[in-house]
Amino acid sequence: MGKMSENTLQCRICRSYLVEEIGTVGVKPISVTSDSKLIEKESVVFICGQCGHIQKFHDAQTAGIIADNYSSYDIYHLSNGSEQVVFPTDSSSKTRTQLVFEKIIGYIPERGNLLDIGSGNGAVLKTASQMLGGWKLFSYDVVDRFKEEILKITNVISFSSTSLETIPFAEYDLITLWHSLEHMESPLDTFERLQRYFHDSTNILIQVPDVIRNPFDLAIIDHVSHFSKDSLLGLLSAKGFIMVLDGSEWVHNCATLFLKYEGSGWCPGLTRDVGPIKLELSDTLLWIRRVLLEMDDLIRGRKFGIFGMGLSSL
Ligand SMILES: [Zn+2]
């Protein structure tokens, strides 16, 4: 790449123009989409010189491919649409959303309004429908492909699309962003536009891939933000939230945070010492390249199988 003029790129988190290209992921111009399709475009990784946010920017052609893919998005097609299952050491298998809802259920009221931003095929809403009987559920997604399926879920009141302003006005007690923040053009903008729906004890539940524990996430072309627990918490604290539960241990390769709106800390600025983050990111890109080259050496000309086929192994 490099064709894209860097000084016009604006950080998705702090709006600084100090965005710098670090390098490309892997050894070939190939990436994977978050619904596990391979595309012949390289993933180029950038870092913000002000807040250290790791992110991607796409040229018009790649952005077009991603937009087309969202309209025919094939969630979990490797598992026929079922949500990934996790295997906590203390109990039998369950889905990621079931596990996390079990953890937070003691911290939320018995009834309330839940707003799910980026519902996809309704993984969060299906679990909420089973586990939060007294709650009214509201859904939002940029595409309406799963609208009918979502509206059939018990206790789902509405489905909105196109813009956040079309969500029915209510005070929401729990807002969920489940694997959606990493896809957004501007997470900062999203929080500012959602603020009208917060009240002084609104809870927010967020899960995103953790780039530190799963650096292969960098190769997922439509993940345009790459968070760690710290960077996610930085963004949320700047927007007036305080952490109630740190769910890092609940799902091993994701950052999961349960927070509460305090309303007082609404400030725009986020600055960090970016040097170490930049170095670590360059090292990570080198490490990914080395892993791929070693694997290429091992399997050259031979048939091979990968045990545990998910996005990372793709
Ligand atoms: Zn920034």
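This is a predicted model: local features need pLDDT of at least 70, side-chain atom pairs count only at pLDDT 80 or more; totals for chains, interfaces and linings use all residues.
**Entry 1: strand β4**

I started with β4, which covers residues 44-48. Is this strand mostly covered or mostly open? I found it mostly covered, as five of its five residues are buried. I then sorted the residues by side. Val44, Phe46 and Cys48 lie on one side, Val45 and Ile47 lie on the other, and both faces are covered.

**Entry 2: the neighbours of β4**

Next I asked which strands pair with β4. β1 (residues 19-24) pairs with β4 in the antiparallel sense, over five bridges. Within that pairing I picked out Thr24, whose bridge partner is Val44. β5 (residues 54-55) is also antiparallel to β4, with two bridges. Here Ile47 stands opposite Ile54. The hairpin of β4 and β5 has five residues between the strands, and I noted that Gly52 takes a positive phi near 80° there.

**Entry 3: the whole sheet**

I stepped back and traced the order β1-β4-β5-β13, an open sheet of four strands with antiparallel pairing.

**Entry 4: helix α5**

Which residues of α5 (residues 187-194) are buried? I wrote down Pro187, Leu188, Phe191 and Leu194. Looking down the axis of α5, I found that these buried residues fall within an arc of 135°, so they line one face of the helix. A reminder to myself: an α-helix has 3.6 residues a turn, so residues three or four places apart point the same way. The cover over the buried residues of α5 includes β11, β13, α6 and β14.

**Entry 5: the largest core**

Last, I turned to the largest nonpolar core, which has 68 residues. Among those with the most contacts inside it are Ile13, Leu114, Leu115 and Ile206. β15 (residues 254-266) gives the largest share of this core, six residues. Domain 1 and domain 2 both contribute residues, so the core lies between them.

How values were computed: Residues are numbered from 1 along each chain as its sequence is written. A residue is buried if 20 or more other C-beta atoms lie within 10 Å of its own, exposed if 12 or fewer, and partly exposed in between; C-beta atoms are placed from the backbone. Two strands pair if DSSP finds at least two bridges between them. The arc is that of the directions from the helix axis to the C-beta atoms. Two residues are in contact if their C-beta atoms, placed from the backbone, lie within 7 Å. A nonpolar core is a set of buried Ala, Val, Leu, Ile, Met, Phe, Trp, Tyr and Cys residues joined through C-beta atoms within 7 Å. Domain bounds come from an automatic or database domain assignment.
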